[in-house]
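Reader: I would like to check the labels on this model against their cut-offs. Please show it, and then I will ask.

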Amino acid sequence: MTNLSEYMAKAFKTEGVKHIFGYPGGATLDIMEAADKEGIKFVLPRSEWSAAYMASITGEITGVPGIVLSTLGPGATNLVNGVSHAYLDRNPLIAITGRLSTGAGNTNHQLLNQVSIFEPVTKWASTLHAASGASHIRRAFHVSKMERPGPVHLDLPKDQGTIECEGEFGEPTNSINVTYGDLSDPASLIKRLENSKHPILLVGPSAVRHHSSDALTKLAENWGIPVATTAKAKGIIDERHVYSIGSVDMIGAKTMKEFVRQTDLILAVGFDAVELIGKWEVNVPVVHIDSVPNTDYVYFADTEIIGNIPKILNTLADAAGTAEKWSEKEVKEFRNEFVSKLTPPLNGAGLSPSSVVQTARETLPEDTIAVTDTGSHKMLLGQLWSAYSPKSYYVSNGIGTMGFGIPGAIAAKMNFPAKPVICFTGDGGFAMVSSELKTAVEQNCPIIVIVFKDGKLDRILRKQEATNLDPVGTTITNPDFTKLAESYGANGVAVSTNSELAKAIENALGQNVPTLIHVPVNVEEYAIQFGL
């Protein structure tokens with residue numbers, strides 16, 4: 001007979017789960033044992049929150065919910081930030097926490113209402129019992145994957161994992177036939193496009209999840225429409241494409257908004273307002289194209305087309321006339337002038353952050369996967385790192401958490417073992433998870449980590465300066481990065497010029513262990529960029 005732990009392991013395998021991330025606890029040991037017998041690898045990072053980031057990014061990359069385990073009490077509470085990342089960044093994830101056995105008696109040790117803790121940051125949270133295990137596990141996968149995807153929490157009493165579980169998991173939940181409509185009556189929207197002089201495509205992560213890259217590029221080319229993306233949608237159109245104008249709400253946000261204000265019609269395609277850092281300040285008609293209705297109401301859309309995003313975009317693309325809405329020349333001129341503004345000449349010590357990004361992009365292969373931590377550098381990368389294809393750039397841009405970068409890069413390398421993976425992080429975010437370099441070594445993930453070294457929490461320091469506050473609590477004392485990396489079995493390299501940086505990256509590409517490259521940067525560039 002099959003017990004609940006064995007049933008869960010078989011369900012994981014059926015769904016296509018390759019890894020489980022987590023920190024062990026008494027209530028989850030049976031699951032780990034059963035999963036190992038099914039050929040599912042358990043990955044032990046240095047903290048529960050890192051495990052949750054890894055599972056979350058695995059879910060974002062594969063579309064299969066990432067699995068993360070923790071013990072009860074502090075193990076469960078340590079998961080919350082990583083699960084919150086999956087919640088606001090719309091990534092499928094199943095978090096399983098251990099708890100005391102049913103009828104454990106009168107004890108308060110490590111006793112928390114864990115379901116109540118996770119309810120606000122999950123799509124569904126429930127206690128898992130063997131009697132209902134079959135339906136709960138299947139529901140967990142289905143709920144996690146359905147739009148908008150996100151995390152599910154299952155709280156497992158210690159005694160339930162070894163109890164017989166009835167039922168068969170059956171086919172993977174992605175075999176469930178969920179049909180979205182297409183643009184069955186396109187005439188009115190086509191007419192609006194024809195009458196519009198300067199439409200713009202504003203594209204978000206739902207378009208990436210629905211594999212809309214080819215259809216979107218075709219629509220932009222056929223009608224001559226510029227494409228602005230959110231950070232999580234970078235690469236849905238090759239950012240070298242003439243109609244790619246950049247990302248919204250990154251550095252240069254004011255300049256980008258000025259360009260967008262020239263439009264008389266916005267096609268919001270898979271746009272998710274969770275990525276909108278500032279206010280919606282464009283007072284023009286909006287057409288909402290997505291697989292879910294516009295319930296955020298950050299903007300008012302007078303037309304909502306809910307259905308199969310690629311089919312809708314292809315229908316519109318095929319109806320294009322011969323006249324460009326925007327000429328390639330005017331779009332190209334805007335982008336070139338925009339990038340020039342964002343890369344000003346500087347005085348003083350340290351490399352400009354923008355030159356670090358540009359040198360890395362020029363040195364690395366086209367198929368490189370980039371992961372960025374949160375901080376001023378994230379805002380820079382969102383605008384100046386060129387992503388050439390979908391799912392080649394990963395960022396925490398819903399919850400925007402520091403400490404995400406290195407765990408995210410490890411997960412990316414585990415899922416893209418043949419591709420170079422680079423992580424960009426500030427020294428503040430690095431300090432939170434520096435021990436995960438050892439996890440990268442143990443998991444044979446030769447990622448490249450670039451640390452922007454300025455000894456400050458720059459993003460917060462800017463806010464202090466803007467409000468005439470003293471710089472209290474925003475200074476960091478850094479370790480010897482090279483020795484720290486070497487102590488974990490990684491390579492550590494200090495660079496001070498862009499040529500040294502390029503050489504260090506080239507050398508790192510041939511290594512079988514991670515490489516940490518620490519770069520002193522001149523953060524005065526950020527002050528200029530955030531004002532544009």
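Reader: Where is the place of S144?
Author: S144 is in helix α6. Helices here are DSSP runs of H or I with at least four residues, strands are E runs of at least two, and both are numbered from the N terminus. This is a predicted model, where local features need pLDDT of at least 70, side-chain atom pairs count only at pLDDT 80 or more, and totals for chains, interfaces and linings use all residues. Residues are numbered from 1 along each chain as its sequence is written, and side-chain values use heavy atoms, with hydrogens and water left out.

Reader: Why does S144 count as buried?
Author: Buried means under 20% relative accessible area, exposed means over 50%, and partly exposed lies in between (1.4 Å probe, protein chains only). S144 has 0% relative accessibility, so S144 counts as buried.

Reader: What is the peptide bond from E147 to R148?
Author: That bond is cis, with omega near -20°. R148 is found in the loop between α6 (133-145) and β6 (151-157). Most residues other than glycine have a negative phi, and most peptide bonds are trans.

Reader: Which phi values do H211 and D249 have?
Author: H211 is not a glycine, yet has a positive phi of about 55°. D249 is not a glycine either, and its positive phi is about 60°. H211 sits in the loop between α8 (205-209) and α9 (213-223). D249 sits in the loop between β9 and α10.

Reader: Are H211 and D249 buried or exposed?
Author: H211 is at 65% relative accessibility, so H211 counts as exposed. D249 is at 6%, so D249 counts as buried.

Reader: How do you know that the buried residues of α10 line one face of the helix?
Author: In α10 (residues 253-260), the residues A253, T255, M256, F259 and V260 are buried. Seen down the axis of α10, these buried residues fall within an arc of 160°, so they line one face. The arc is that of the directions from the helix axis to the C-beta atoms. Their cover includes β7 (199-203), β9 (244-247), β10 (265-269), α12 (328-342) and α14 (376-384).

Reader: What makes a set of residues a nonpolar core?
Author: The members are buried Ala, Val, Leu, Ile, Met, Phe, Trp, Tyr and Cys residues joined through side-chain atoms within 4.5 Å. The largest such core has 84 residues, and L201, W385 and I450 touch the most other members. A second, separate core of 46 residues includes V371, A411, M414 and V441.

Reader: Why is Y299 called buried?
Author: Y299 is at 4% relative accessibility, so Y299 counts as buried. Y299 is found in the loop between β11 (286-290) and β12 (303-306). Not counting residues up to four places away in sequence, Y299 touches A268, F271, W280, V286, H288 and N294. The side chains of Y299 and H288 make a polar contact at 2.7 Å.

Reader: Why does H377 count as buried?
Author: H377 is at 3% relative accessibility, so H377 counts as buried. H377 lies in helix α14. A polar atom of its side chain lies 3.4 Å from the backbone oxygen of F424. Residues that H377 touches include T372, G426 and Y526.

Reader: How many disulfides does the structure hold?
Author: The structure holds zero disulfides. A disulfide is a pair of cysteine sulfur atoms within 2.5 Å. For C423, the nearest cysteine sulfur is that of C445, 13 Å away, and C423 is in no disulfide. C423 has a relative accessible area of 0%, so C423 is buried.

Conventions:
Contact means heavy atoms within 4.5 Å. A polar contact is a pair of N or O atoms within 3.5 Å; within protein, one must be able to donate a hydrogen and the other to accept it, and residues adjacent in sequence count only if both atoms are side-chain atoms.
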